[in-house]
Amino acid sequence: TPKVTKADSQNQETSPTIEGTRNEARFNDVVPRVFGRHRIYPDLAAQPYVESIGDSQFLNMLFCCGYGPLSVTDLKIGDTPIGDFDLVRWEIREGYPLDAPLSIYPDDVAPVSVGVDFKADALNTSHEVVRTTALDTDFALVELIFPQGLLRVNENGKNKAFEVGVDVEFRAFGGAGAWTTAYSKHLRDAQMRTKMIGVRIDFPARGQYDVRVRRREREGSNNFPPANGGSGKDVTVLVSDFQWVSLTSHTARQPVNLRGVCLVAIRVKATDQLNGTIDRFNCIVEAKLPTWTGSAWVEATTRNPAWAYCEALRGAANKRAVPDSRLDLASLKAWADRCDAAGHTFDHIFNDQSTVLDVLQTIARSADASFHQRDSLFAVIEDRVRAFPADIFTPRTSWGFQGQRGFLARPPHALRV
């Protein structure tokens, strides 16, 4: 009978695993401001992290669509509607200041890729690796994986059970005291299939901790291939290597500390439909803006340039929001009505740093207008045909002209002449 020299990979059962998404991460960058209607590929609002429950893996992701409120519809992963996938959950927070906390991605998370292999040791010695959590950690997730399974194969090619001890321990960062055991098991299996282990460590108090993972071999057993040409009937090949994939630190606080931002949280189970690095998540968003009725502000889903102009002045994206008393609401309402009649729309995403004046000019130009202040009130000048001239200046009708510009609360630092 020929000796088995390697495990038969054709008989291996591979469980689907999931790693991340192709959406971009632009942390500490400008939060987009969406006007109008768009299909977008939103940026990640926090680091995705993987969680193992039993032999299943779940990917948790959080996306930022921009300042809200926004209407979010037609969610897709790649070109496929998200509802066509099995075992996918999602939550939408449209971006109101008093939105409820997320349940799919409730914590501030700091995942760290470890990627350390724990291989079988013929000397029956322990193999240990230590990593450190983030600051202010309440609990942590340790992700381990046996990529080929856990078993031994004898010279007849038969799979036999094999056992490996795994310990997960912790202590205060930089401490020299005893380790506290969070997980300690002898894992035993006889199948060539991917095996995943997720360990949650609940720390006694918020802080920073060292986490240690150890592999222990079963002592006094015939676990390893025979040396010097022994009989080898018991075992010829071991399949027992495992990897510490990641250490994810969780802090029980909101993952995004900026209120009024539209967020989408998605939890995906690794399946035959979704595995590896999944395609980009995308959706249709449409701005919900306050519209002036002539007596009150009423929220509506709108693409009207006039209401985008007002939102740029008084909305959350403007750090120095303008009060209503500084808006020429009558003329802006008339402009909005003319935009509706002419079919003017404004569909644009501001996703880089801009001055408020640049934003206002961009919006106004979309509807044949330009920024204007009349008696210190914000308004626009429309480029439209009028029935009669507003005024005529000629040498016969004007002489000795002079003017004076007064500044209100804050005079400028300088004037460009």
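**Cavity lining**

I began with the lining of the largest cavity in this predicted model, which has nine nonpolar, three polar and three charged residues. For these classes I count Ala, Val, Leu, Ile, Met, Phe, Trp, Tyr, Cys and Pro as nonpolar, Asp, Glu, Lys and Arg as charged, and the others, Gly among them, as polar. A cavity here is a set of points, on a 1 Å grid over the protein atoms alone, where a 1.4 Å probe fits but cannot get out; lining residues have an atom within 4 Å of a point. I join grid points across faces, edges and corners, and I take a volume as the space filled by probe spheres set on the points. The largest cavity holds about 140 Å³. Its lining has 15 residues, and R93, D99, R259, V261 and L263 are the closest to its centre.

**Ground rules**

I number residues from 1 along each chain as its sequence is written, and side-chain values use heavy atoms, with hydrogens and water left out. The model being predicted, local features need pLDDT of at least 70 and side-chain atom pairs count only at pLDDT 80 or more, while totals for chains, interfaces and linings use all residues.

**Pockets**

Next I looked up the pockets, a pocket being an open set of points with protein on both sides within 12 Å along at least five of seven lines. The largest pocket has a volume of about 1,400 Å³. I find 37 residues in its lining, with N318, R320, T355, V356 and L357 closest to the centre. Two or more lining residues come from each of β2 (33-35), α1 (305-314), α3 (356-365) and β26 (369-374). Element names follow DSSP runs, numbered from the N terminus: helices are H or I of at least four residues, strands are E of at least two. Which element gives the largest share of this lining? I get α3, with four residues. By class, the lining of the largest pocket divides into 21 nonpolar, eight polar and eight charged residues.

The second largest pocket holds about 590 Å³. Its lining has 22 residues, and F27, N28, A45, P255 and V256 lie nearest its centre. The elements giving two or more residues to this lining are β4 (43-44), β10 (108-118) and β21 (261-269). I sort the lining of the second largest pocket into 14 nonpolar, four polar and four charged residues.

**Backbone checks**

N28, from the second pocket's lining, has a positive phi of about 65° although it is not a glycine. I place N28 in the loop between β1 (18-21) and β2. Is N28 buried or exposed? N28 counts as exposed, at 85% relative accessibility; my cut-offs are under 20% relative accessible area for buried, over 50% for exposed and in between for partly exposed (1.4 Å probe, protein chains only).

D74 is not a glycine either, and its phi is positive at about 55°. This residue lies in strand β7, and at 36% relative accessibility D74 counts as partly exposed.

I also noted a cis peptide bond between G68 and P69, with omega about 0°. P69 sits in the loop between β6 (56-67) and β7 (70-77).

Strands β23 (residues 281-292) and β24 (residues 297-301) run antiparallel and are joined by five bridges; I call two strands paired if DSSP finds at least two bridges between them.

R216 lies in strand β18 (residues 209-217) and is buried, with a relative accessible area of 19%. Its C-alpha is 4.6 Å from that of G165, 51 residues away along the chain.

R152 is in strand β13 (residues 151-153) and is buried at a relative accessible area of 15%. I read 7.9 Å, C-alpha to C-alpha, between R152 and S240, which are 88 residues apart in sequence.

**Chain totals**

I count three helices and 27 strands in the chain. Of its 417 residues, 45% count as buried. Among contacts (heavy atoms within 4.5 Å) with a separation of 6 or more, 77% are between residues 24 or more positions apart. The accessible surface, from the Shrake-Rupley method with a 1.4 Å probe and, for residues, only the protein chains shown as cover, comes to about 22,700 Å². Carbon and sulfur atoms account for 48% of that surface.
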